[in-house]
Amino acid sequence: MILTKRNLDTSVFKDAEMMAAAESYEASIMPASDSAEQGKSVTNEVKQLILDDHIEFGYNDERRAFIRRKVKNHYEVYGVDSLEFHDYVYSRYDAATQKVLARAIYDVIAEYFGVYARTHGSFKKVALRTSEHNGNLYLDLCNENWEVVEITSNGWHIIANSPIWFCRTPDMNALPIPDSNGSYTDLQNFNEVLNFGGNSNDSLTLVTGWLIGGLLCDHAKPILVLQGTAGAGKSTASRIIRSVIDPAKRKNLISRPRPTVDSLAIDTMHQHTLAYDNFSAGSITPEVSDMLCTIATNQSYSKRSLYTDSDEVLVKLGRSVIINGIDDLAKRQDLLDRSIVLEVVPVTKRRPEKEIYAWFDEHHPLILGALLNVAVDSLKHHGESTYSNGRMVDWCRFIEDGHRRLNAIRTYFGDVYDKNRHQSVMDTIETNPFVSGILEIMGSQSELRIQKAQLINKIKQLDSYDPYDNRGAIPKSNQVKGRLKRDQPILKQAGITYIESQSHGKKYVEFKREQ
């Protein structure tokens, strides 16, 4: 049998077959004298050392193999393909034999235990930073003791043995121990470093809701979009907001001038919160916009692992997302409908970043504790909210159920969220020459019935139409149906409905203004 990654990474081999292949491979790479001197397979010796540690094996919904081992008074979880497992195996063999393990033998061991975990282990819910189990929420503090916050309807507390297998990536940073005295006042003080324009109370309410929603797992959650002029403090605000629930050691912000679908998928595999810095409207291509929507709505992404085979790589995409930039970033309606858009305004007197981060570090335990207290109330009063607008119903209801801790009436958060969505859509009308053209042609009329070809011609004859700036923005007459369907939410927010009809071979659209 030829030992390759492809045939080892299946579940059809039994232990005996696997180890026989490993021994054969080992013999082929080791001098005969070494093989005779050792008297038994080093591979078998390493295998037994690991099994003697009473390690628990499992795999996640992507069939990735994991181990869970006790270290002192806590448990740690590693992917079998991770650096942590690599270091564990090498150090375990060194401690037992005072010898160096050959890399080729380690490769066999890693492949073997990958298959072993999938065939002898059980399915485990493996999570990054946050998860849910039996109606409770869990937040990995990512500290040296592997402590986790368990949030129930009766309160929250810190535990050392979590029912969730939390794994970590090298860039995940530790959270402070939350302070249970955190309150709504601490959340209000958070605005000192965020510089929101307009109604800053509404903006802070939305950021608070977005952060609380970050504790949810396997739920659709809106994308947080921070816009503003150069020097307004968008990057600083993004770093701090991201750090409340999911701080990073280095990659607090991801810079991707030309993001791709694959690069976004890879990011979701390594981070719970994706914070993208200095995006531009041009960098958010239709494909990237669709991928961001897929992430926000907690869908999966799949592709072939290699173009030469039929193996599929499946990635669960549900993550919290922040993007910032100068432009109006969410131009496509499907992305805009899944976003919270906030304006960050320049301040007259900027504070040094060192001072801002020092303030945040001091108040972080209280802010985190306040969010956990809201989450407790959300679980305690689950089902009380009746919010039913838009796509993010479950997320919004979860926030509204915790309204008591936010010093608000039950429907306050949903009202603020709907207001933000409406304003964001109305703001995009100016940058959508097709919709703005329809509104300009209608004027004050309550109804307008017009052929599709005539509609396009009239829009192009408007003084506001620029053939250079608006090139490609106006559909052809045979594309009007699809474009109206895409822009229907914008028209609805503007109070316009439409129906399509056909008469004597001609296609019409009838617009009506809602009373």
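Trainee: In which hand does helix 4 cross helix 6?
Mentor: In this predicted model, helix 4 passes helix 6 in a right-handed crossing.

Trainee: What angle do helix 4 and helix 6 pack at, and how far apart are their axes?
Mentor: Helix 4, which covers residues 42-52, packs against helix 6, residues 103-120, at an angle of about 50°, and their axes are 10 Å apart. That angle makes helix 4 oblique to helix 6.

Trainee: Which residues make the contact?
Mentor: From helix 4 the contact takes in Val42, Thr43, Val46, Lys47, Ile50 and Leu51, and from helix 6 it takes in Ile105, Val108, Ile109, Tyr112, Phe113 and Tyr116. Sorted by class, the contact of helix 4 with helix 6 has 10 nonpolar residues, one polar and one charged.

Trainee: Why would residues three or four places apart point the same way in an α-helix?
Mentor: An α-helix has 3.6 residues a turn, so residues three or four places apart point the same way.

Trainee: OK, zooming out, how many helices and strands are there in the protein chain?
Mentor: The secondary structure of the protein chain comes to 18 helices and 19 strands. The chain has 515 residues, of which 52% count as buried, and its accessible surface comes to about 24,800 Å², with 47% of that belonging to carbon and sulfur atoms.

Trainee: And what share of the contacts joins residues 24 or more positions apart?
Mentor: Taking the contacts in the protein chain with a separation of 6 or more, residues 24 or more positions apart account for 68% of them.

Trainee: Back to helix pairs: at roughly what angle do helix 16 and helix 17 cross?
Mentor: Helix 16, residues 433-442, and helix 17, residues 452-461, cross at roughly 95°, and their axes come within 9 Å. The two helices are therefore roughly perpendicular to each other.

Trainee: Which residues meet there?
Mentor: Pro433, Phe434, Gly437, Ile438 and Ile441 in helix 16 meet Leu455, Ile456, Lys458 and Ile459 in helix 17. The residues of this contact divide into seven nonpolar, one polar and one charged.

Trainee: What about helix 15 and helix 18, at what angle do they pack?
Mentor: Helix 15, residues 412-429, and helix 18, residues 480-493, pack at an angle of about 105°, with their axes 9 Å apart. That makes helix 15 roughly perpendicular to helix 18. The contact is made by His422, Val425, Met426, Thr428 and Ile429 of helix 15 together with Pro489, Ile490 and Gln493 of helix 18, and these residues divide into five nonpolar, three polar and no charged.

Trainee: Switching to burial, how many residues of helix 9 are buried?
Mentor: Helix 9, residues 234-245, is mostly covered, with 11 of its 12 residues buried. Among the buried residues of helix 9 are Lys234 and Arg242, as well as Ile240, Ile241, Val244 and Ile245.

Trainee: And Val509, buried or exposed?
Mentor: Val509, which is found in strand 19, residues 506-513, has 0% relative accessibility and so counts as buried. Leaving aside residues up to four places away in sequence, Val509 touches Leu448, Arg449, Ile450, Lys452, Val480, Leu484, Tyr498, Ile499 and Glu500.

Trainee: How far is Val509 from Lys452, in sequence and in space?
Mentor: They are 57 residues apart in sequence, while their C-alpha atoms are 6.4 Å apart in space.

Trainee: Last one, where is Asn154 found?
Mentor: Asn154 is in the loop between strand 8 (148-152) and strand 9 (155-159), and at 77% relative accessibility it counts as exposed. The C-alpha atoms of Asn154 and Lys380 are separated by 7.1 Å, although the two residues are 226 residues apart along the chain.

Definitions and conventions. Residues numbered from 1 in each chain as written. Predicted model: local features only at pLDDT ≥ 70, side-chain atom pairs only at ≥ 80, totals over all residues. Heavy atoms only, no water. Helix = DSSP H or I, 4+ residues; strand = E, 2+ residues; numbered from the N terminus. Buried < 20%, exposed > 50% of the residue type's maximum accessible area, 1.4 Å probe, protein only. Contact = heavy atoms within 4.5 Å. Areas by Shrake-Rupley, 256 points an atom, 1.4 Å probe, with all protein chains shown as cover. Axes fitted to C-alpha atoms, helices over the stretch in contact; angles between N-to-C directions. Parallel < 35°, antiparallel > 145°, perpendicular 65-115°, else oblique. Left-handed = near helix turned anticlockwise from the far one by under 90°. Nonpolar A, V, L, I, M, F, W, Y, C, P; charged D, E, K, R; others polar.
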